[in-house]
Amino acid sequence: MVRIQDLLRKQEEEGFVGRSRELAILRRELAEDNDNWRLVHLYGLGGIGKTSLLRRLVRDMNVASVTLNGEDCRSLEQFLSRLRARLIEQGWAPPPSPAADEAAAMADYLNEEAASRQGLVVIVDDFEACRPIESWLRDQWFPMLAVHVRVCTASRYPLGDSWLLAPGWTGLVYHLRLGSLSRRAVDRYAEVRGIADRGARDAIDRFAKGMPLAMTLACDAMLQYGPGVLREGSVHRQMIHSLCVMLLQDIEGPFERQLLDAASVFWRFDQELLEKATGQAVTDESFRKLCGLPFIVLSDEGGWSVVDAMREWIRTDLRNRTPDAYELFRRRALLILQGRLAAAPADQKRRLIVELLDLHENELLRSYGFRGQGERFKAEVRQAREADIPVLENMYREWTCTIPPYLPDDTHQEAYIRKVWEAEPSSFTVFEAEGRLAAFYALVPLTPRARSVFEDNPVLSAYVKASPPQDDEYLIWLGCTLPDFDPSAFGYLLRRLFSELAGKLVVTLTPLPYFADMYASIGFKRLPWADSRYTEGTLMEAYRLDLRNKDLSEPLTVRLFPNAPQESVSVQEAASLLKKALSGSPALEHDAHLLRALRESGMFKQPAMLDASPVASIRLAVSECLAKLGEGSEEEQLQAQAIRLSYIQRIGTHEVVAARLRLSQSTYYRYLKKGFERVAQALMRE
């Protein structure tokens with residue numbers, strides 16, 4: 001007779017996907033014959049699948065185990081009582097509770113059972129709830145256990161510094177972070193749930209972003225309401241809001257939520273960015289608490305980041321709840337990044353330009369281009385070798401079946417890979433991870449040799465024959481990944497590719513509408529005369545963007561906020577722009593980033609005045625404001641003098657000016673900062 005519990009078990013078995021690597025690690029670490037005893041701590045976001053993984057581990061292990069929930073173990077007495085109850089439920093016979101030293105008696109019992117049963121694993125889920133007894137467990141009870149008793153804990157957070165500092169525990173804790181599921185795993189789960197349409201399964205992946213809880217909700221909603229449910233609509237908004245409510249339980253108060261909302265607008269953030277975005281001071285303690293949340297990770301590029309799924313859901317929920325606040329944060333983010341671009345050395349500008357892409361509303365960029373922060377995808381990036389070519393050909397053939405129309409490429413672009421490599425070997429960039437080629441892209445310089453290869457290519461012949469050769473002309477030709485490494489690999493690839501476009505005339509063709517939308521949204525121009533056909537006659541649209549005399553930030557800025565109100569810049573940011581403009585290094589006439597930021601700051605109602613003689617125009621405008629400021633209080637007069645002597649008359653260093661004004665260094669810099677803010681505010685009001 002089939003029972004309901006059998007159906008539940010079967011459903012759970014079939015729905016468990018994508019955790020073979022983590023299961024293998026847990027089995028290895030917790031194996032009784034492993035000579036190296038270590039406490040294994042599994043951690044990750046709420047909803048990431050920790051409990052499901054532990055349940056699967058218990059079923060798969062050939063060793064006895066007992067599982068506790070930390071919510072039931074907030075005191076020593078609760079812990080021992082619950083442990084005894086769980087053992088009895090499993091048919092064990094722990095000794096009667098002694099009047100004294102029950103903890104030692106229970107440890108002795110587990111040690112004896114572990115010896116007779118060839119091992120035993122004690123699992124404590126929701127371990128963060130055990131915080132009141134954490135030190136007792138670490139310092140007293142766990143040390144009583146024999147090495148045959150393995151211990152596994154799980155929580156949203158990694159174990160704290162107290163474990164690193166505790167005597168003897170160095171090297172005895174193994175942290176295993178549980179990240180998002182791969183695209184292949186999400187696809188497999190959706191298929192098991194009965195969703196046959198590949199496009200619908202892709203939509204689930206874009207919504208869930210590898211988060212098991214969201215994946216389950218998305219499948220439930222799609223089965224109930226149909227494939228359109230994951231587009232914008234009331235059910236979609238409610239799903240995102242519910243996810244935020246469930247996963248943001250650690251947020252303490254409205255200010256911390258405001259910081260998190262602001263942080264979600266940036267791909268990477270730091271304390272200074274949050275202060276400028278919110279317009280409020282952020283103390284070191286507030287920033288430290290924010291970065292201690294389980295969904296905040298150190299960014300691969302420096303700074304911090306909200307993990308992919310949470311960043312997108314928080315950002316979307318903010319836009320749904322308070323659209324004006326969302327737009328204000330985005331405008332401020334744009335201006336902040338522009339300011340950093342203006343001051344950044346050349347080697348950092350490309351990275352900052354790529355970060356501007358994250359402010360876009362384009363679905364492809366938001367769904368895939370910026371995924372992978374803090375995930376396990378770590379790759380060696382290099383040029384392709386001849387031995388790689390068969391792997392690249394096969395990877396491309398398999399990849400084309402994973403994108404619309406989910407059929408092999410009947411134009412057989414893979415047949416040209418070797419010829420292009422022989423003509424221009426620098427075209428191919430490969431990403432090697434875990435001993436495999438995980439991804440590659442081809443950015444081909446359209447030299448005469450490369451053009452000759454493409455003359456008979458069914459996709460590219462129209463462009464090559466109709467467009468004369470040009471200097472620094474490049475083709476974004478191919479790019480694909482192994483599904484096991486997606487979406488992190490695709491995001492990594494896309495960001496790397498965009499960072500390579502500077503100084504190039506870039507052409508590309510795509511059969512995918514969301515790629516076409518992405519190219520158009522960041523400034524690529526349509527070339528209908530170069531269009532061609534792909535599998536089953538699908539139109540391949542041609543696009544081109546000239547970045548030889550400008551960088552990607554210019555078209556990006558125009559398309560991000562074509563009608564952005566000028567007052568969106570903060571007074572502090574405007575003051576910083578003025579200071580940079582008057583500093584004289586580098587020459588303002590040659591600093592396109594800074595000039596553009598000044599034009600868009602709202603301080604100059606006729607931005608064209610900056611075109612002919614920007615330095616003279618800014619000096620004149622600032623001098624007029626200083627004259628008015630000098631008519632104010634004694635403090636305002638000193639602020640005006642500090643700016644005039646330092647930045648207009650340039651009588652010497654800041655130390656010299658401070659001495660002339662008989663001010664201490666700290667007071668002088670405070671007056672200088674306040675003075676620039678008053679001038680910026682006056683210019684913005686005129």
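Modeller: Let us begin with the salt bridge, which is a side-chain nitrogen of Lys or Arg within 4 Å of a carboxyl oxygen of Asp or Glu. By this rule the count here comes to 43 salt bridges. This is a predicted model, in which local features need pLDDT of at least 70 and side-chain atom pairs count only at pLDDT 80 or more, while totals for chains, interfaces and linings use all residues. Residues are numbered from 1 along each chain as its sequence is written, and side-chain values use heavy atoms, with hydrogens and water left out.

Biologist: Which residue forms a salt bridge with Arg84, and how far apart are the closest N and O atoms?

Modeller: The partner of Arg84 is Glu102, and their closest N and O atoms are 3.3 Å apart. Glu102 lies in helix 5 and Arg84 in helix 4 (residues 76-89), so the pair ties together parts that are 18 residues apart in sequence; helices (H or I, at least four residues) and strands (E, at least two) are DSSP runs, numbered from the N terminus.

Biologist: Is Arg84 buried or exposed?

Modeller: Buried means under 20% relative accessible area, exposed means over 50%, and partly exposed lies in between, with a 1.4 Å probe and protein chains only. Arg84 has a relative accessible area of 14%, so it is buried, and Glu102 also counts as buried, at 19%.

Biologist: What does the side chain of Asn111 reach?

Modeller: Asn111 lies in helix 5, which covers residues 102-116, and its side chain reaches the backbone oxygen of Met144 at 3.1 Å. Contact means heavy atoms within 4.5 Å, and, leaving aside neighbours within four places in sequence, Asn111 is in contact with Met144, Leu145, Ala146 and Val149. Asn111 counts as buried because its relative accessibility is 16%.

Biologist: How many residues does the largest nonpolar core have?

Modeller: In soluble globular proteins, nonpolar side chains tend to be buried together. A nonpolar core is a set of buried Ala, Val, Leu, Ile, Met, Phe, Trp, Tyr and Cys residues joined through side-chain atoms within 4.5 Å. The largest one here has 154 residues, and those with the most contacts inside it include Phe428 and Trp477. Strand 10 (residues 436-445) gives the most to this core, with eight residues.

Biologist: Which residues does Trp477 touch?

Modeller: Not counting residues up to four places away in sequence, Trp477 touches several residues, among them Gln413, Tyr416, Phe428, Ala442 and Val444.

How values were computed. Polar contact = N/O pair within 3.5 Å; in protein donor to acceptor, adjacent residues only side chain to side chain.
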